[in-house]
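Keep the sequence and the 3D view open as you read.

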Amino acid sequence: MQDFFVHESSYVDDGVTIGAGTKIWHFCHIQNGAVIGRNCSLGQNVNVANNVRIGDGVRIQNNVSIYEGVELEDHVFCGPSCVFTNVSTPRAHFPVHGAYARTLVREGASLGANCTVVCGHTVGRSALIAAGAVVTRDVKDYALMAGVPARQIGWVCECGHRLDGSLVCTCGRKYRLIGENLEKAE
């Protein structure tokens, strides 16, 4: 007996690992070698490519493709129709045959609807990428990014609220700047 749910309209290839409590909804395709953690939710029309790693508690909304070379750590949120790439200079006539750039989305990061993460970059822990933004470089932990190309416009708390100059969130978490990086204050 399986301890996860896969809608009857979805396809799960052989050699896939799916964690307990995960739900895979309508018209999804999970390809060979993919590993999906516990308590994840994959919305309608999600494609998870070969050998992709997805952590626990990840939420992937409708119409998202997670291509080979992309890794999502625990508790990542992918908004509707967000886009990942895995080749910097794609050409139909010159395929790369598995030489994909690595993209890492760190724990707790959120990617807004219709944003694009260009391959070869890391999105930091608890970072928040605005809807429609295009990430073309690494993103710091807790950074709030917006625009095309995406630029940092502030900081966010783990809980997702934008931080003001005091770096104290309404939820009670406190942060401090160390150089140009934000970290939680103990």
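## A buried asparagine

N86 counts as buried because its relative accessibility is 12%; buried means under 20% relative accessible area, exposed over 50%, and partly exposed in between, with a 1.4 Å probe and protein chains only. You will find N86 in the loop between β14 (83-84) and β15 (103-105). Strands here are DSSP runs of E with at least two residues, numbered from the N terminus.

What does the side chain of N86 meet? One of its polar atoms lies 3.0 Å from the backbone oxygen of E68. Beyond its neighbours within four places in sequence, N86 is in contact (heavy atoms within 4.5 Å) with Y67, E68, Y100, A101 and C119.

## About the model

This is a predicted model, in which local features need pLDDT of at least 70 and side-chain atom pairs count only at pLDDT 80 or more, while totals for chains, interfaces and linings use all residues. Residues are numbered from 1 along each chain as its sequence is written, and side-chain values use heavy atoms, with hydrogens and water left out.

## The parallel sheet

Six strands form an open sheet with parallel pairing, in the order β3-β6-β9-β12-β15-β18. Its edge strands, β3 (17-18) and β18 (122-123), each pair on one side only. Two strands pair if DSSP finds at least two bridges between them.

## The nonpolar core

The largest nonpolar core has 46 residues, and L42, I60, L72, F84 and L111 have the most contacts inside it. Such a core is a set of buried Ala, Val, Leu, Ile, Met, Phe, Trp, Tyr and Cys residues joined through side-chain atoms within 4.5 Å. Both β12 and β21 (143-146) supply at least two residues each to this core.

Leaving aside neighbours within four places in sequence, its contacts include W25, C28, V48 and I60.

## Salt bridges

How many salt bridges does the structure hold? There are eight, each defined as a side-chain nitrogen of Lys or Arg within 4 Å of a carboxyl oxygen of Asp or Glu. R38 and D56 form one of them, with the closest N and O atoms 2.7 Å apart. This pair links distant parts of the chain, 18 residues apart: R38 is in the loop between β6 (35-36) and β7 (41-42), and D56 is in the loop between β9 (53-54) and β10 (59-60). R38 counts as partly exposed because its relative accessibility is 48%.

E71 and R102 also meet in a salt bridge, at 2.8 Å from N to O. They are 31 residues apart, with E71 in strand β12 (residues 70-72) and R102 in the loop between β14 and β15. At 25% relative accessibility, E71 counts as partly exposed.

## The β23-β24 hairpin

Strands β23 (residues 175-178) and β24 (residues 181-184) run antiparallel and are joined by four bridges. I178 stands opposite N181 in β24. Two residues lie between the strands of this hairpin, where G179 takes a positive phi near 65 degrees.

R176 and E183 form a salt bridge, their closest N and O atoms being 2.7 Å apart. Both are partly exposed: R176 has a relative accessibility of 38%, and E183 has a relative accessible area of 31%. Elsewhere, a network of salt bridges links E158, R173 and K184.

Definitions and conventions. A polar contact is a pair of N or O atoms within 3.5 Å; within protein, one must be able to donate a hydrogen and the other to accept it, and residues adjacent in sequence count only if both atoms are side-chain atoms.
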